[in-house]
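I opened the model to look up how its parts pack. These are my entries, in the order I made them.

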Number of protein chains: 2
Amino acid sequence: MSASPLPSDRRSRRSAEIRERIFRAALELFTKQGFAETTVEDITNAADIGKGTFFNYFPSKDHILLAFGEMQIGRLRELVDSAKHSSKPIPEFLQGLGRRMTEEPTRHPKIVRALLLAFLSRESVREAMADMQKRVLAIHAEIISLGQRRGEIRSDLGALEIAQVFRQAIFGTLLIWSLYGDGSLPERIHSTFNVLWAGLAPRNSSEPRPIPLMAPVRAPLFF
Amino acid sequence: MSASPLPSDRRSRRSAEIRERIFRAALELFTKQGFAETTVEDITNAADIGKGTFFNYFPSKDHILLAFGEMQIGRLRELVDSAKHSSKPIPEFLQGLGRRMTEEPTRHPKIVRALLLAFLSRESVREAMADMQKRVLAIHAEIISLGQRRGEIRSDLGALEIAQVFRQAIFGTLLIWSLYGDGSLPERIHSTFNVLWAGLAPRNSSEPRPIPLMAPVRAPLFF
């Protein structure tokens, strides 16, 4: 049996506990009533703490989303490290990642919208998000690079380029789905993965045809 | 020579002119100073009209984005109709679409962010956006279906499913790029198209391997 914890341990444990309580209460409220509609007061009421305490842990509501991102990056890091020491094919691993993204709490379009909004909002948050994106991208590139060395992923493209396309496709899927917020997310992720993997070229051709480059076109198109 | 226009023609031409002037002024301001940072007053000043006139044409700032969307859909419709009567391979046509999306005014991350924000904002705008998405999707599905009939696109997946993955990948590319707003958009679109087309399976395999389905995993992941 270890000795009873020192006061400083107790303090930091208590601190982690409060942070977790705020975090959980906030995510639950974002899910239930939406991010924009949730005030800091709603969160402090739900977490049963004072407003001053809240700001000791999170300088703003947006920081809760950033903390959420950090948590997810930590989880991704662990998953990738374990995949490195497993013989499971990397494509299967990546498919599993996509699948995880369709699970709770991503079933809640309000949270997904809040996260995507944070991407597009105030400069400071966007910079933090951009920084996170770069770190996530580097982790994905690691695992794709491993897949390339194992001959499971095409290696005529750079790992970072593939990681970028992969993430962009997943984010676009989340974005379009969040417009509807229906039950179609797992199916959409499955389709995205399927096409990313096998491509759109006709299945009976032995090798996908290269697309000839086109002359630049005039009219701009957003959609 | 035709007769001089009737008063009602003149009125409707004048009306289209004012609408166009408001529209151009608004897009320019959104590009320069951002969507959220642009007030209706900024727009009416730039277009040199009264506030009441503005609201005769657009019930809100968001409606300018919706009008922009309608304009783009009209353009897409024309392009698809012309592609139908051309012998140009559909993959090339789709690549051209992606390329157009990287041109002016999409080079302006502030407008892209405004458009994406409109997706995620108030219910009423989101519903209008969701409706537009469905119409754009149907147009894309038409052209993909044509590509399938011509044997240029794999036909073991539905045209609507392929259209969805295609659009989601393009939107995700725009979303992630808009975080940085740098010069990387054409390159990103090119990579996305390249991977969507040829897939990620190793290039020396004669046929992409099917990915075995995985058991559902536990931990949720947003990224």
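I started with the domains of chain A: the centres of domain 1 and domain 2 of chain A, taken over C-alpha atoms, are 26 Å apart. Domain 1 covers 15-58 and domain 2 covers 61-198, with bounds from an automatic or database domain assignment. Nine residues of domain 1 of chain A and eleven residues of domain 2 of chain A make the contact (C-beta atoms, placed from the backbone, within 7 Å).

I noted the sources. This is a predicted model, in which local features need pLDDT of at least 70 and side-chain atom pairs count only at pLDDT 80 or more, while totals for chains, interfaces and linings use all residues. Residues are numbered from 1 along each chain as its sequence is written, and chains are lettered from A and ligands numbered from 1 in the order in which they are written.

Helix 5 of chain B packs on helix 7 (residues 123-149) of chain B at about 150°, with the axes 9 Å apart. That makes the two helices roughly antiparallel (angles over 145 degrees; axes are lines fitted to C-alpha atoms over the stretch in contact, and angles run from 0 to 180 degrees between N-to-C directions). Helix 5 of chain B contributes Ile90(B), Pro91(B) and Phe93(B), and helix 7 of chain B contributes Ile143(B), Leu146(B) and Gly147(B).

I then checked burial (20 or more other C-beta atoms within 10 Å of a residue's own, placed from the backbone). Eight of the eleven residues of helix 5 of chain B are buried, among them Gln95(B) and Arg100(B).

Terms used. Helices (H or I, at least four residues) and strands (E, at least two) are DSSP runs, numbered from the N terminus. Angles under 35 degrees count as roughly parallel, over 145 as roughly antiparallel, 65 to 115 as roughly perpendicular and the rest as oblique. Two residues are in contact if their C-beta atoms, placed from the backbone, lie within 7 Å. A residue is buried if 20 or more other C-beta atoms lie within 10 Å of its own, exposed if 12 or fewer, and partly exposed in between; C-beta atoms are placed from the backbone.
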